[in-house]
Amino acid sequence: MWKRVQESASLWSFESINQVGPMQKFAPDFRFARQVRCSPNHDERMLSADMLLLHYTGMTSTADAIERLCDPEAKVSSHYVVEEDGNVLQLVPESRRAWHAGLSSWDGVSDTNSRSIGIEIANPGHSYGYPDFPEAQIVAVIALCRDIVERHCIRAECVLAHSDVAPQRKLDPGEKFPWARLHGAGVGAWVTPSPTRPGTGLAPGDGGPDVAELQAALRRYGYGIEASGVYDDVTAAVVTAFQRHFRAACIDGRADRSTIETLQALLAASDRGR
Ligand SMILES: [Zn+2]
């Protein structure tokens, strides 16, 4: 009898974790999440989680950002929010598909929400002065990312910025985000950027085999770009996103030698270079 009670209790809690609904409570997946707020904005994953996607909230008020991520009318959400003081809130169970990526692509997969876990980092973003990320917040982001990456066996190359998967629409979490520090803590890919120096390289308006080779290399790394051989707006946007993440000394959408060498080094450091 006791065993049956236990079984039904565990079944009940499993169902409550997986049901859709604004009032359903769930146990946090990250044990240091201090708070669970249940966003109704999620549905079923079509893929298992193999990507970690980082954002900033892009709003002046973190409380307003959290309200919006839980508002059924807004139809957006994320699995986690990390506040400026390092407090971590979970809004959607990791087993569910949160709605944070929008129109996006990586490795030829466009349903980024199905394959990713999304973290919103509280920061007003480029439209509102783009302040530095406070130390306590970065410490919490690193702890959360490490936990997620280890539990889901997420590869370094699949820890990405929203701007990487939506380069024509998004800037977040932006060039101030400390990707090198995350890599040092075992999260995400990084190579020391090749130094910037005079020289033109490739730029918008260019065309030919060198442009096609650049596009093919960006595509091999995962970016949503075709090797057309024409340095068009999409190419400039993807190069800008690459620079924002991996070579932030100059973010101008021009593929100078430093940008190309940094991309080549990243490919060589991953199994995508072969
Ligand atoms: Zn975002």
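This is a predicted model: local features need pLDDT of at least 70, side-chain atom pairs count only at pLDDT 80 or more; totals for chains, interfaces and linings use all residues.

Biologist: How many helices and strands does the protein chain have?

Modeller: Helices (H or I, at least four residues) and strands (E, at least two) are DSSP runs, numbered from the N terminus. In the protein chain there are 9 helices and 8 strands. The radius of gyration is 20 Å, close to the 19 Å from the globule rule for 274 residues, so the chain is as compact as a globular protein of that length. That radius is taken over C-alpha atoms, and the rule is 2.2 Å times the number of residues to the power 0.38.

Biologist: What percentage of the residues is buried?

Modeller: Buried means under 20% relative accessible area, exposed over 50%, and partly exposed in between (1.4 Å probe, protein chains only). Of the 274 residues in the protein chain, 49% are buried.

Biologist: Which residues are the protein donors of the zinc ion?

Modeller: Donors are N, O and S atoms within 2.8 Å of the metal (3.2 Å for Na, K and Ca); water is not among the atoms, so sites may look incomplete. Here the protein donors are His 55 (ND1), His 162 (ND1) and Asp 172 (OD), lying 2.1 Å from the zinc ion. His 55 in strand E3 (residues 51-56) and His 162 in helix H5 (residues 162-165) are 107 residues apart, and this pair links distant parts of the chain. His 55 is buried at 1% relative accessibility, and His 162 is buried at 3%.

Biologist: Where is Lys 170 found, and which residues does Lys 170 touch?

Modeller: Contact means heavy atoms within 4.5 Å. Lys 170 lies in the loop between H5 and helix H6 (179-184). Not counting residues up to four places away in sequence, Lys 170 touches His 162 and Ser 163. Lys 170 is partly exposed, with a relative accessible area of 31%.

Biologist: Is Ser 270 buried or exposed?

Modeller: Ser 270 is buried, with a relative accessible area of 7%. Ser 270 sits in the segment after helix H9 (257-269). Leaving aside neighbours within four places in sequence, Ser 270 is in contact with Glu 157 and Tyr 221.

Methods:
Residues are numbered from 1 along each chain as its sequence is written. Side-chain values use heavy atoms; hydrogens and water are left out.
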